[in-house]
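Reader: I am new to protein structures, and I would like a close look at one part. Please walk me through how side chains pair up here, taking your time over each pair.

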Amino acid sequence: MIELLQIQFCRLLEIHLYLFRKMFAAVSKPFYVYSAGLTIIGGGYLLRDYLSGELYENDKNLTDKVIIVTGANTGIGKEIARDLAKREAKVIMACRDMEKCENTRRDIVIESRNKYVYCRPCDLASQKSIRDFVEQFKKEQKKLHILINNAGVMRCPKMYTQEGIELQFGVNHIGHFLLTNLLLDTLKDSAPSRIVNVSSSAHKRGKIKFDDLNNDKTYEPGEAYAQSKLANILFTKELANKLKGTGVTVNAVHPGIVRTEIMRHMGIYQNFLGRLTVDTLTWLFIKTPIKGAQSVLFAALDPSLDNVTGEYFINNKVAEVSNEAKNDKVIKWLWAVSEKWTKLDSV
């Protein structure tokens, strides 16, 4: 009986081996092709993940900490707000588009199980909106531990804020200049506290146009963007000097080249084919919003920066700024003009 079973088993094994050889012979070439393709794709994702840097792994809990994030409804700002909410912070999402903000807030609350996430209207292209935001914030909150100036526009057509300031300079610099100054008293009362200005390596191409700061005579979107990002660095430097001894630090961060809605105004993104071509060619090197948020989180939270101020960070390390950004005369001139344009000099 046992011998019979052994014979039947051997016959079944021979049949299965025969069928397997037939199947493998039929699919061997496609199999190797598919296998190679999957390996390349998998390797590409691993390389992309490596090139875009590590996740910020500090598990600091932020219970009872109040944090404002501008432009928190999308892109880097959304991921910053999500991370902070998971750390149990009280997060104020300062945004222009309330519908988008509320949709994002709802998702963050559900994911983080943190009900202390709020949407508040703040249009950085309107100084009245900024002042209204600050007034409402101070009625609702007594403390502010971290201010993250993240919102921005990039390479947009020539447009102006409600006060007639060129939009990129008005939103990226002037809006945050006003917002920060109006919140300084609360930040000082909450010390130790931090301010993080999201800038860009594009500042190195920037020049402060003394005779045409508002780009009224000539306007080139890339040049205007670079000037606004340089202004972020100059603002950071002078504010750090003014805040010495207060317990409030301020640093600037280049988050990297990140695929977010900020690129929507670039000419090549205006048509599907151009967008597809650029996305394909740059896929390996452009960060996701989650990865772009990491350097901002480092600047906002890392204990190693408790006494670091007035610096510019790339990939969590202090980096060199342009010579223009070190010019003390330019720094002080821009501060004076910014005070005038926001009417802070008359307060």
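**Side chains that pair**

Author: Let's start with aspartate 306 and arginine 194, whose side chains meet in a salt bridge, 2.7 Å from N to O. A salt bridge here means a side-chain nitrogen of Lys or Arg within 4 Å of a carboxyl oxygen of Asp or Glu. Aspartate 306 sits in the loop between α8 (289–301) and β7 (312–314), while arginine 194 belongs to strand β5 (residues 193–198), so this pair ties together parts that are 112 residues apart in sequence. (Helices, H or I with at least four residues, and strands, E with at least two, are DSSP runs numbered from the N terminus.)

Before going on, a word on the model: it is predicted, so local features need pLDDT of at least 70 and side-chain atom pairs count only at pLDDT 80 or more, whereas totals for chains, interfaces and linings use all residues. Residues are numbered from 1 along each chain as its sequence is written, and side-chain values use heavy atoms, with hydrogens and water left out.

How open are the two partners? Aspartate 306 is partly exposed, at 45% relative accessibility, but arginine 194 is buried, with a relative accessible area of 8%. Buried means under 20% relative accessible area, exposed over 50%, and partly exposed in between, using a 1.4 Å probe and protein chains only.

Lysine 242 and glutamate 238 form a salt bridge of 3.8 Å, N to O. Both are in helix α6 (residues 221–242), 4 residues apart, which is about one turn of the helix. Lysine 242 is partly exposed at 45%, and glutamate 238 is buried at 5%.

By the rule above, the count comes to 16 salt bridges. Some join up: Glu79, Arg82, Lys86 and Glu111 are linked in a network of them.

Cysteines can pair too. The whole structure has 1 disulfide, that is, a pair of cysteine sulfur atoms within 2.5 Å. Its partners are cysteine 101 and cysteine 119, with sulfurs 2.5 Å apart. The chain parts they link are distant: cysteine 101 is in helix α3 (residues 98–112) and cysteine 119 in strand β3 (residues 117–121), 18 residues apart. The torsion about their S-S bond is about -105°, so the disulfide is left-handed. Cysteine 101 and cysteine 119 are both buried.
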